[in-house]
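Colleague: I have not worked with this protein before. Could you take me through it step by step?

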Amino acid sequence: MKKFFAALVTIIFMTAAFATVLAASYVGNANTKKFHHADCSMVGKMKPANKVFMNSRDEAIAAGYVPCKRCNP
Ligand SMILES: [Zn+2]
């Protein structure tokens, strides 16, 4: 029974983490300090380590990120 609960907790935790990534509308680049719409082509070229997920434009600007010139977030 303990194994069942451990598996359940793991599934809930992973689902929550996945939902956070999906809910993010903006993706910042920690290296260039620019942020993009989640569907911008530049996001696909970004190194996963540089990706910073954000839920709002205000959040990105408050963190010092500049809007991308290509996707105009
Ligand atoms: Zn962009």
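Modeller: Please keep in mind that this is a predicted model.

Colleague: How many bridges join β1 to β2, and do they run parallel or antiparallel?

Modeller: Strand β1, residues 26-29, and strand β2, residues 34-37, are joined by 4 bridges and run antiparallel. In general, strands of a sheet pair through backbone hydrogen bonds, in either a parallel or an antiparallel manner.

Colleague: What lies between the two strands of that hairpin?

Modeller: The hairpin of β1 and β2 has 4 residues between the strands. Lysine 33 takes a positive phi there, near 60°.

Colleague: And which way do β2 and β4 run, parallel or antiparallel?

Modeller: Strands β2 and β4 run parallel and are joined by 2 bridges. Lysine 34 stands opposite valine 66, which belongs to β4.

Colleague: What is the order of the strands in the sheet?

Modeller: The order is β3-β1-β2-β4, in an open sheet of 4 strands with mixed pairing. The edge strands are β3, residues 51-54, and β4, each of which pairs on one side only.

Colleague: Let us turn to the whole chain. How many helices and strands does the protein have?

Modeller: The secondary structure consists of 3 helices and 4 strands. Along the sequence, these follow the pattern α-β-β-α-β-α-β.

Colleague: Why is the protein described as more spread out than a compact globule?

Modeller: The globule rule gives 11 Å for 73 residues, but the radius of gyration of the protein is 16 Å, well over that value, so the protein is more spread out than a compact globule. Taken along the principal axes, the box filled by the C-alpha atoms is roughly 55 × 25 × 20 Å.

Colleague: What percentage of the residues is buried?

Modeller: Buried residues account for 16% of the 73 residues. As for contacts with a separation of 6 or more, 65% of them are between residues 24 or more positions apart.

Colleague: One last topic, asparagine 72. Where is it found?

Modeller: Asparagine 72 is in the segment after β4, whose residues are 66-67.

Colleague: Is asparagine 72 buried or exposed, and why?

Modeller: Asparagine 72 counts as exposed because it has 9 C-beta neighbours inside 10 Å, and the cut-off for an exposed residue is 12 or fewer.

Colleague: How far is asparagine 72 from histidine 36?

Modeller: The two residues are 36 residues apart in sequence, and their C-alpha atoms are 7.3 Å apart in space.

Methods. Residues numbered from 1 in each chain as written. Predicted model: local features only at pLDDT ≥ 70, side-chain atom pairs only at ≥ 80, totals over all residues. Buried ≥ 20, exposed ≤ 12 C-beta atoms within 10 Å, placed from the backbone. Rg over C-alpha atoms; globule rule 2.2 N^0.38 Å. Contact = placed C-beta atoms within 7 Å. Pairing = 2+ DSSP bridges.
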